[in-house]
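The paragraphs that follow lead through one structure step by step, beginning with a single side chain and widening from there to the helices around it. Please keep the sequence and the model in view while reading.

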Amino acid sequence: MKDFFYALQDLFVDVLFAPFDALRALELENWWTANLISWIFVIICMVAMVYWMLQLKEHSKNNEEDKSVTSHSYL
């Protein structure tokens with residue numbers, strides 16, 4: 001059982017968090033480049049959120065969602 005948790009630790013520390021470690025090391029070498037990369041990720045997330053909101057608005061305008069008010073029988 002202990003090996004399972006050590007395997008999880010190795011997976012997260014050595015593989016999945018490696019980009020974050022690289023970004024942290026880059027920040028010590030060149031602050032501007034690290035911030036540029038961070039801002040690129042922020043802009044990508046903002047564009048994705050705007051796209052998502054526009055899609056939700058479009059589906060709401062087409063009345064594709066069942067908005068009937070129903071309650072459970074125990075209420």
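Aspartate 21 counts as partly exposed because its relative accessibility is 34%, where buried means under 20% relative accessible area, exposed over 50% and partly exposed in between, with a 1.4 Å probe and protein chains only. The model is a predicted one, in which local features need pLDDT of at least 70 and side-chain atom pairs count only at pLDDT 80 or more, while totals for chains, interfaces and linings use all residues. Residues are numbered from 1 along each chain as its sequence is written, and side-chain values use heavy atoms, with hydrogens and water left out.

The partner of aspartate 21 is arginine 24, whose side chain meets that of aspartate 21 in a salt bridge at 3.6 Å, N to O; the term stands for a side-chain nitrogen of Lys or Arg within 4 Å of a carboxyl oxygen of Asp or Glu. Side chains of opposite charge can pair when their charged atoms come close. Arginine 24 and aspartate 21 are separated by about one helical turn, because they are 3 residues apart in helix α2, helices being DSSP runs (H or I, at least four residues) numbered from the N terminus. Arginine 24, at 55% relative accessibility, counts as exposed. How many salt bridges does a search of the whole structure find? The search finds 1.

Helix α2 covers residues 18-29, and its packing against the other helices comes next. Two packed helices are described by the angle between their axes and the distance between the axes. For α1 and α2 the angle is about 45° and the axes are 5 Å apart, the axes being lines fitted to C-alpha atoms, for helices over the stretch in contact, with angles running from 0 to 180 degrees between N-to-C directions. The two helices α1 and α2 are therefore oblique to each other, since angles under 35 degrees count as roughly parallel, over 145 as roughly antiparallel, 65 to 115 as roughly perpendicular and the rest as oblique. Here Val13, Asp14, Val15 and Leu16 in α1 meet Ala18, Pro19, Phe20 and Asp21 in α2, contact meaning heavy atoms within 4.5 Å.

On its other pairing, the axes of α2 and α3 come within 6 Å and cross at roughly 140°, which makes α2 oblique to α3. Leu23, Leu26, Glu27 and Glu29 in α2 are in contact there with Trp31, Thr33, Ala34, Ile37 and Ser38 in α3. Leucine 36 also lies in helix α3, which spans residues 31-61, and leucine 36 counts as exposed because its relative accessibility is 51%. Methionine 53, in helix α3 as well, is partly exposed, with a relative accessible area of 43%.

Back in helix α1 (residues 2-16), phenylalanine 5 counts as partly exposed at 47% relative accessibility.
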